[in-house]
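Biologist: Hi! Could you walk me through the ligand site in this one?

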Amino acid sequence: MADVPSDAPEHCPGTQSESAGKVSACQGCPNQSICSSGAARGPDPGIELVRKRLESVKHKILVLSGKGGVGKSTFTSLLARGLAAADSDRNVAILDIDICGPSIPRVMGVLGEQVHQSGSGWSPVYVEDNLSVMSIGFLLSSPDDAIIWRGPKKNGMIRQFLSEVDWGALDYLVIDTPPGTSDEHLSAAQYLLNAGLTGAVILTTPHEVALLDVRKEIDFCRKVSIPVLGVVENMAAFVCPKCKTETAIFPANTGGGSKMAMELGVPFLGSLPLDPRLARSCDEGTNFLTDVQDSPTTVAFNKLLKDVVEACEESRSS
Ligand SMILES: Nc1ncnc2c1ncn2[C@@H]1O[C@H](COP(=O)(O)OP(=O)(O)OP(=O)(O)O)[C@@H](O)[C@H]1O
């Protein structure tokens, strides 16, 4: 093998192998520490592939949250639908890299669709003429398939997703991620930062537990140099459709997302009220923004959308 040094022990896996420096044959080898650090493998060729593929994408937005179930996929779908509806000349796409719980196909109403591969890559599924979707959910034979995948396989999948989807020219690529700061986030950050990531929108709810996790998420963004476009507080309140009384379902005992954003020096993009019609719309895969235009959630979202667009433009010019 070309990547087995002359002083290597018997059964050396090779310096380019994922297991370099990590298997029993490596014990006592003078190259073990350099191999196990990954330095011998040189830069990941995927970084350049992703950069080239995403050259034609103007804004790349990561949607993050510290906790699960706070509304990341819901917000991703609203953001993509809102951006696409505001301007028919604007091309928008969603990439769902929530490998263990891809919910975007359902929320976007394209569950069970097939993706096709051509010479120029995988073709995404079109929801509107200017809105396309790619999700791991389209590729798994069973929803449980990916749950047992280890880090390197997830990393490979994310690299493939970022480098092999034939998006065409896009104005916005909105990327839905799993909750927390896992292998998937590190992989995505590594590839996207080299491809001109616009920034991250961080979702939270007003609960203290969710806010604590959001602090960790902001800390993660700072450590890996992801620009934070802002924090969105979801399920902030419930406005009764009959009497219009507003009730804080999850009381913000410590000031909620806006206070936390101020303390951490990141922009607060706004609050989205809870609306059971939105949950139904996500389950049915319909377009809540056009179907329920009088919802306080639609009104709040439309205002917030302008701020996200502005934050993206500012991040690009800075
Ligand atoms: N503002 C809202 N009003 C009513 N229901 C909402 C709202 N936001 C989200 N939901 C509902 O809450 C549930 C969780 O939302 P969603 O799946 O978007 O969360 P998530 O953060 O992406 O979850 P996961 O961690 O599984 O990826 C869904 O049933 C969704 O329809």
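This is a predicted model: local features need pLDDT of at least 70, side-chain atom pairs count only at pLDDT 80 or more; totals for chains, interfaces and linings use all residues.

Biologist: Which residues come nearest to the ligand?

Modeller: Gly68, Gly71, Lys72, Ser73 and Thr74, out of 22 residues around the ligand. Being around it takes a C-beta atom, placed from the backbone, within 6 Å.

Biologist: And which element gives the largest share of that shell?

Modeller: Helix H9 (276-284), with four residues. Helix H3 (72-86) and strands S9 (228-239) and S11 (268-274) each supply at least two. Helices (H or I, at least four residues) and strands (E, at least two) are DSSP runs, numbered from the N terminus.

Biologist: What does UniProt list as "binding site"?

Modeller: Its unreviewed entry lists eight positions by name, including Gly66, Gly69 and Lys72. Such annotations may be inferred rather than shown by experiment.

Biologist: Where is Gly66?

Modeller: In the loop between strand S1 (57-65) and H3.

Biologist: Is Gly66 buried or exposed?

Modeller: Gly66 counts as buried because it has 23 C-beta neighbours inside 10 Å. The cut-offs are 20 or more other C-beta atoms within 10 Å for buried, 12 or fewer for exposed, and partly exposed in between, with C-beta atoms placed from the backbone.

Biologist: How about Gly69?

Modeller: Gly69 is also in the loop between S1 and H3, but with 13 other C-beta atoms within 10 Å it is partly exposed.

Conventions. Residues are numbered from 1 along each chain as its sequence is written.
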